[in-house]
Amino acid sequence: VLKHTAGEVNYGGHVTDNWDRRCLLTLLEDFYCPAVLGADHVYSGVYRQVDSNLDIKGYLAYIRGLPINDTPDIFGLHDNVNIRSAQNETFALLEALVCLQPQASATSAGGKTLDETVEEVVVSIVEKLPQPFFLQEVTEKYPVLYDQSMHAVLIHEVIGYNKLLGVISRSLSDMMKALKDSDVMSSNMELMALSLFNNTVPDMWKSKAYPSMKPLASWVLDLLQRIRFLQGWISKGIPPVFWISGFFFPQSFLTGTLQDYARRFGQAIETVEFDFEVLVKPVSEITEMPTTGCYIYGLFLEGARWNNMAGRLTESKPMELHTEMPVIWLIPKANRKPPTCIVYLCPIYRTLSRAGTLFPTGLSSNYVTALELPTDHCQRHWIKRGVALICALDH
């Protein structure tokens, strides 16, 4: 009753994401269980059950003996979260300082004005920005076929990136005109100039772009890498390994893979699910596509690391916040049976924030899918660790 009222009503009533609710209910298991009624029960370290025979002075003495900052293990977290927390506080402070710096005039040390800095940034991006894809050429080379859903996925990707490239190109052109006083600096242009000055992605680009937490300079390099991935696909054919982080719509790619299998073997698509296998072979050595399914790479593990020798999840090393995940083979199977070994159902998110718009299904727009990763620990251990796969980091 206590777990239901707290996890599903009091707290759970405010938790709309299914994965967040899984985490909440797992945490409550540590505090709402018969073991906590024992007089010698210890939650973690110095956190223990207080003797009910103590008077108020005894309770106060125990409280004053607790550490000022809670240790991560009381929540089941790894010690690395202290580093991440400190980083977040530092970045928030630096971001506030950047917003407070002078913008209209040059500094006393002879620094550049906002207009001069913005112009340099605009010129730098324009020099790197590629031309939009020629959609008609792509559709002629990769026509939409019943048994080849990847062609439709490629066309949708090209359309999405063309829209983004168009918005970036037009806004940069308007910005240059405004800086040269040949056009009026609108309120949108002023906000964009401030974003470029502060090395952040302008809102008008974000509205047409994929989710990302990268600063502007890294964001541009990431965009160019995504464009090169698609250009290689268009010129050389379907790649043997897919960079899942480079997709505008990764969910469409996964659905297309399942659809190809269902149509090829005459199966109902609602009965087809992915099986998973983590490969030892690196990306550079994979030259052919698998007979069924697909190979993907480009994911990062947060909260744990992958042990290639043991072929399972293991604890993160100190000071190691994120580790690159090896190539994963997604294997479609009809009427798939659940694995017999111990696995952790690991969600994949597009960014480190894991936050997005909530769909009616109870899933976030930041959520991609979930993989079953072998492990020696029970699921509760990794859920409390907050282990997830991330498509793109914040740097």
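**A loop residue and its setting**

Author: M319 sits in the loop between β8 (312-314) and β9 (322-324). Helices here are DSSP runs of H or I with at least four residues, strands are runs of E with at least two, and both are numbered from the N terminus. This is a predicted model: local features need pLDDT of at least 70, side-chain atom pairs count only at pLDDT 80 or more, and totals for chains, interfaces and linings use all residues. Residues are numbered from 1 along each chain as its sequence is written, and side-chain values use heavy atoms, with hydrogens and water left out.

Start with the backbone. M319 is not a glycine, yet its phi is positive, about 70°. Most residues other than glycine have a negative phi. M319 is also exposed, because its relative accessible area is 67%. The cut-offs are under 20% for buried, over 50% for exposed, and partly exposed in between, with a 1.4 Å probe and protein chains only.

N199 also has a positive phi, near 60°, and is not a glycine either. N199 lies in the loop between α8 (187-197) and α9 (203-206). At 34% relative accessible area, N199 is partly exposed.

G65 is in the loop between α3 (56-64) and α4 (80-100). G65 counts as exposed, at 55% relative accessibility. T292, in the loop between β4 (272-278) and β5 (294-297), is buried, because its relative accessible area is 17%. Leaving out residues up to four places away in sequence, T292 touches Y261, R264, F265, W329, L330, I331 and P332. Contact means heavy atoms within 4.5 Å.

Besides being a contact of T292, R264 is among the residues closest to the centre of the second largest pocket, with Q148, D260, M289 and G293. The volume of that pocket is about 310 Å³. Its lining has 18 residues. Helix α11 (residues 250-265) contributes the most to it, seven residues. By class, the lining splits into nine nonpolar, five polar and four charged. Ala, Val, Leu, Ile, Met, Phe, Trp, Tyr, Cys and Pro count as nonpolar, Asp, Glu, Lys and Arg as charged, and the others, Gly among them, as polar.

Some terms are needed for the voids. On a 1 Å grid over the protein atoms alone, a cavity is a set of points where a 1.4 Å probe fits but cannot get out; a pocket is an open set with protein on both sides within 12 Å along at least five of seven lines; lining residues have an atom within 4 Å of a point. Points are joined across faces, edges and corners, and a volume is the space filled by probe spheres set on them.

By this rule there are two cavities of 30 Å³ or more. I125, L129, I168, W205, W219, V220, L223 and L224 line it. Helix α10 (residues 216-236) supplies the largest share, four residues. The lining has eight nonpolar, no polar and no charged residues.

W205, W219, L223 and W233 have the most contacts inside the largest nonpolar core, which has 75 residues. Helix α7 (residues 149-179) gives the largest share of this core, 13 residues. A nonpolar core is a set of buried Ala, Val, Leu, Ile, Met, Phe, Trp, Tyr and Cys residues joined through side-chain atoms within 4.5 Å. Neighbours within four places aside, L223 contacts L129, Y161, L164, L165, I168 and Y210. A second, separate core has eight residues, among them Y349, L352, A388 and L393.

Now the whole chain. The chain has twelve helices and 13 strands. Its C-alpha trace spans about 80 × 70 × 40 Å along the principal axes. Of its 395 residues, 41% count as buried. Among contacts between residues at least 6 apart in sequence, 68% join residues at least 24 apart.
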